[in-house]
Amino acid sequence: MYTVSLISFFLSAVIAREIVFPRIAAIQGSGQVPLGNDNIVDIVTDSQFSGLTTFAHLPYVNCFVDDGTDLTPYDIAILGAPFDTGVTARPGARYGPGGIRLGSRRLEGWSIYTGMNVFESWARIVDCGDAPLTWLDNTVALKQLDLAHKVISSRPANTTYLGRTPRVVTLGGDHTTTLSALRSTYEKWGPVSVIHFDSHIDTWDPKVLGGGISHYAGVNHGTFLHIAHEEGLIRNTSVHVGIRAPVNRPKGDLRNDIRCGFEMIKARDLDSLGINGVVEEIKRRVGDSKVYISVDIDVLDPAFAPATGTAEPGGFSTRELLSILDALNGLPVIGADVVEVAPIYDTAAETTTLAAAEVAHSLLYLMVATPVMSE
Ligand SMILES: [Mn+2]
């Protein structure tokens with residue numbers, strides 16, 4: 001019995017050696033590489049399950065080391081902002097950066113829509129990991145995030161003839177984290193138009209939302225755009241896209257929203273305007289100003305993105321959002337984020353984190369497609 005199975009083992013080994021696989025003539029991404037004529041097995045080329053999980057297998061760079069330390073220069077940086085104590089409903093977005101990175105493992109190759117491969121372009125893109133943020137004191141954590149943005153965007157860029165200031169795509173974190181990004185972009189680029197994809201306006205006066213209790217509580221994921229306006233960080237040519245959540249006051253919140261510099265494209269406006277109409281409206285609004293794109297994943301319908309802090313029924317589909325984002329090609333995007341991803345509420349199929357990763361992919365596309373030179 002033993003002898004027989006041993007013989008069959010050797011036989012199968014011999015047969016296996018004789019199987020000849022046809023060579024595949026194709027450009028290989030980070031997928032599977034065919035064996036060459038010499039049959040040498042490859043463990044150098046990346047695969048979607050290899051290595052440690054950075055965003056889309058980008059190289060990790062510790063961007064927070066002291067000035068003067070030898071550092072790989074980069075043009076675009078991914079930064080995680082694990083912060084979720086500014087939410088008014090479900091917590092959990094502190095795990096968002098890790099979740100989005102898991103959802104990004106499949107990203108590679110040339111877009112069937114844009115024809116571009118952002119990972120093989122002029123731009124060196126790196127993943128800086130997550131900013132080290134304390135989890136018990138929001139004031140301190142946001143100061144840490146302010147500093148992290150400042151340090152990352154103050155490094156010399158890699159491809160200096162196309163842009164001297166590295167741009168950052170932040171993975172949230174609750175929406176409060178966008179305030180730190182806008183403080184940083186203001187220093188480098190001046191006031192910017194914000195294209196704000198969200199189901200909520202997020203320009204609530206802290207007096208109305210949280211600040212009635214304490215100043216500390218007034219800085220949260222529903223007030224950060226009001227604060228950004230008060231600090232002079234944003235232009236009055238900003239625009240919301242996808243709004244559908246109710247406001248707290250019959251007229252006051254919307255009056256304040258306009259005062260903060262925003263026009264509003266509501267979620268159901270997509271039904272009448274169509275994708276092209278929405279894109280035209282956004283482009284008309286921001287004109288030729290520099291733009292910051294902030295995507296709260298709750299702009300998507302909960303059917304497409306259940307894993308978020310304040311889900312609102314009646315939103316965009318993932319395809320609709322990606323179509324709008326890609327069509328913003330040509331705008332000078334100087335910073336961007338995808339926020340409010342709380343993976344604990346996701347489906348087992350990673351519905352939300354896959355969508356968020358693809359959103360970040362589109363944001364990278366916009367940055368690569370249009371280099372921006374800082375003054
Ligand atoms: Mn928001």
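Mentor: Before we start, a residue is buried if 20 or more other C-beta atoms lie within 10 Å of its own, exposed if 12 or fewer, and partly exposed in between, with C-beta atoms placed from the backbone. This is a predicted model, where local features need pLDDT of at least 70, side-chain atom pairs count only at pLDDT 80 or more, and totals for chains, interfaces and linings use all residues. Residues are numbered from 1 along each chain as its sequence is written.

Trainee: Great. Which residues are buried in helix 2?

Mentor: They are G96, P97, G99, I100, R101 and G103. That is six of the eight residues in helix 2 (residues 96–103). Helices (H or I, at least four residues) and strands (E, at least two) are DSSP runs, numbered from the N terminus.

Trainee: What do the buried residues of helix 2 pack against?

Mentor: Strand 1 (76–81), strand 2, strand 3 (167–172), strand 8 (333–339) and helix 10 (351–369).

Trainee: Let's go to G129. Why is G129 called partly exposed?

Mentor: Because G129 has 19 other C-beta atoms within 10 Å. G129 sits in strand 2 (residues 125–130).

Trainee: New topic: how do strand 5 and strand 6 run?

Mentor: Strand 5 (residues 238–243) and strand 6 (residues 262–266) run parallel, joined by five bridges. Two strands pair if DSSP finds at least two bridges between them.

Trainee: Which residue in strand 6 stands opposite I243?

Mentor: That's K266.

Key: Contact = placed C-beta atoms within 7 Å.
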